[in-house]
Amino acid sequence: MQWIPAILAIAIVAWFVGTYNRLVRLRNQIQNAWHQIEVQLKRRHDLIPNLVEVVKDYMSYEQETLARVVEARGAAVSARGTAAQAKAENALTESLKSLFAVVENYPDLKANQNVASLQEELTGTENKISFARQYYNDSVMTFNNTIQSIPSNVIASVFDFRPSEYFEAGEEAKAVPKADLR
Amino acid sequence: MGGGRACPKCGTVNPADAAYCNLCQEPFSRKGDSPVRRAPMLPFNEAAASNIRRSRLLFLLLFAAFFGLGGIVGKVYGSVPMGLSLALILYAILASTAYFSGSSIVLSIHDAKETDSGEHRQLLNVVEEMKIAAGLPMPKVYVMESQGMNAFAAGRKPGEAAIAVTTGLLSRLNREELQGVIAHEMAHVKSRDTLHNICAAVLVGAIALLSDMFLRDTFFFRGRSRARGEGGGRGNVAFLLLGIVLALLAPLAARLLQMSISRQREYHADAAGAEFTRNPLGLASALEKISREGAEVPGENRGTQHLFIVNPLRAFTADSSALLSTHPSTELRIQRLRAMAGLGT
């Protein structure tokens, strides 16, 4: 029966390697998810000047709304640091919402093919941002759960895996529940 | 299953704590006979995990049936290993054909055309949104020209997946509903249901083929000239009879198992898709529209009916025979989705 300790040792090493690799994979998944968010934020920054360009001729009375969008975009582009960035991006989301609410009042603007396609692009990008954030937060949760639960927390503390931070949504976004479709 | 609970509708025995029948999805009322059919409320993760477990078990059964049949056939001809290896070779040939050309065949049968930009901008955006939510690579997107509303996913693994939808679906669903449908398909891709479907279909086909070969051989070429070896006699006759019975029953049983796997996978994709969108009502409302407006697709045939989000050939109502359906009844799927959103019926 000398092979029992040997098998036990192999099993422990295998578990050790497996868990370590899993933690690395989860950490990289979080990084990748973060990158996804940034890609979509960048895309939104790039789309806004086009939208403003198309819309501004129609909306002579709504210069203020437009100015707010442009300003919010500028702030979001130059924001540094996760918290500041999140805050600026949430403000930008809000300003875009009010712009689209105003667009509803201009029938010929709504009928414009360019505006319609830009609106679809921006809606898509907004959704991609929020789904990327959701995926990021889900990944963070899985990672944090893993490094905090027994027995994988042993390996996490030996190799110094730290819990990641969630990407918080803005106050406004949290308050909006999904409406019933009917 | 000791202390099980028999379903009042179809008689299937379920675990004692089951909230609804595993086969026909008849809900079990807690006390007395409540006439209200109500799907139990289940959180996404739990619903998804239990459906996955169930379909794995069914898969094992299917495999066991296949190799069991191979073994019995082998026994009749005198050698169990020979029967098993015959079964294995048969499976390998069929599976590799299906594996390497399955998805392109399916896409061409249904006349699906790849789209990459321009007119289907919204569709592509929605697919990209769901791919982000699922954390998967971008699948290829196909469109089928049809008034009916339907969609399916194909491809062996997430890296080479394809999602196809009909033009009828695109024109009649709003963005939120489309998102629900795409999320359902993305969930199929993520849990590799497309691969499971291929495997299940191949197993069913192989079982049918094996049974066929065996029966034909037994009844048409059973000359005494065939050398039966010394193992002949009573034992062999018994096994011959057993083989015949099995060969007659196995294809049917395999089919039932396949349908059952398919139904579990559909429920799973509904739940997992709702987890991606965090909005079960989008898909619920889409399913409602689809069942109202029809789900026909180009090139529809029985071989691929289980791939679609809603069966294009038959509408399953809550009362249709559950055993032979590829999909759970749309009505019950909607109920479960609404229950996930915290709404009763």
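## A sheet in chain B

In strand 6 of chain B, B:Thr166 is the bridge partner of B:Met144. That pair is a handy way into this predicted model, and it belongs to a longer stretch of pairing. Strand 4 (residues 140–144) and strand 6 (residues 162–166) of chain B run in the parallel sense and are joined over 5 bridges. Along the way, B:Val141 stands opposite B:Ile163 in strand 6 of chain B.

On to strand 3 of chain B: it runs antiparallel to strand 4 of chain B, and 3 bridges join the two. Here B:Glu114 has B:Tyr142, in strand 4 of chain B, as its bridge partner.

## Nonpolar cores

If you like to follow the packing, start with the largest nonpolar core, which has 66 residues. Those with the most contacts inside this core are B:Met130, B:Ala151, B:Ile163, B:Ala164, B:Val181 and B:Ile182. Its largest share, 8 residues, comes from helix 5 of chain A.

B:Met130 deserves a look of its own. Setting aside neighbours within four places in sequence, B:Met130 is in contact with B:Gln179, B:Ile182, B:Ala183, B:Met186 and B:Phe276.

## Where the chains meet

How many residues of chain A are in contact with chain B? There are 14, and they are in contact with 13 residues of chain B. Helix 5 of chain A gives the most to the side of chain A that touches chain B, with 9 residues. By type, that side of chain A divides into 4 nonpolar, 5 polar and 5 charged residues.

Now for the helix pair. The axes of helix 5 (residues 113–148) of chain A and helix 3 (residues 121–134) of chain B come within 8 Å and cross at roughly 10°, which means that helix 5 of chain A is roughly parallel to helix 3 of chain B. On the chain A side, the residues that meet helix 3 of chain B include A:Ser117, A:Gly124, A:Lys128, A:Phe131 and A:Tyr135. Helix 3 of chain B brings, among others, B:Arg121, B:Asn125, B:Glu129 and B:Ile132. The residues of this contact between the two helices divide into 5 nonpolar, 6 polar and 5 charged.

## One residue in chain A

A:Gln31 is found in helix 1 (residues 3–55) of chain A. Is A:Gln31 buried or exposed? A:Gln31 counts as exposed, because it has 12 C-beta neighbours inside 10 Å, and the cut-off for exposed is 12 or fewer. Although A:Gln31 and A:Tyr136 are 105 residues apart along the chain, their C-alpha atoms are separated by 8.4 Å.

Key
Residues numbered from 1 in each chain as written. Chains lettered and ligands numbered in written order. Predicted model: local features only at pLDDT ≥ 70, side-chain atom pairs only at ≥ 80, totals over all residues. Axes fitted to C-alpha atoms, helices over the stretch in contact; angles between N-to-C directions. Helix = DSSP H or I, 4+ residues; strand = E, 2+ residues; numbered from the N terminus. Parallel < 35°, antiparallel > 145°, perpendicular 65-115°, else oblique. Contact = placed C-beta atoms within 7 Å. Nonpolar A, V, L, I, M, F, W, Y, C, P; charged D, E, K, R; others polar. Pairing = 2+ DSSP bridges. Core = buried A, V, L, I, M, F, W, Y, C linked by C-beta atoms within 7 Å. Buried ≥ 20, exposed ≤ 12 C-beta atoms within 10 Å, placed from the backbone.
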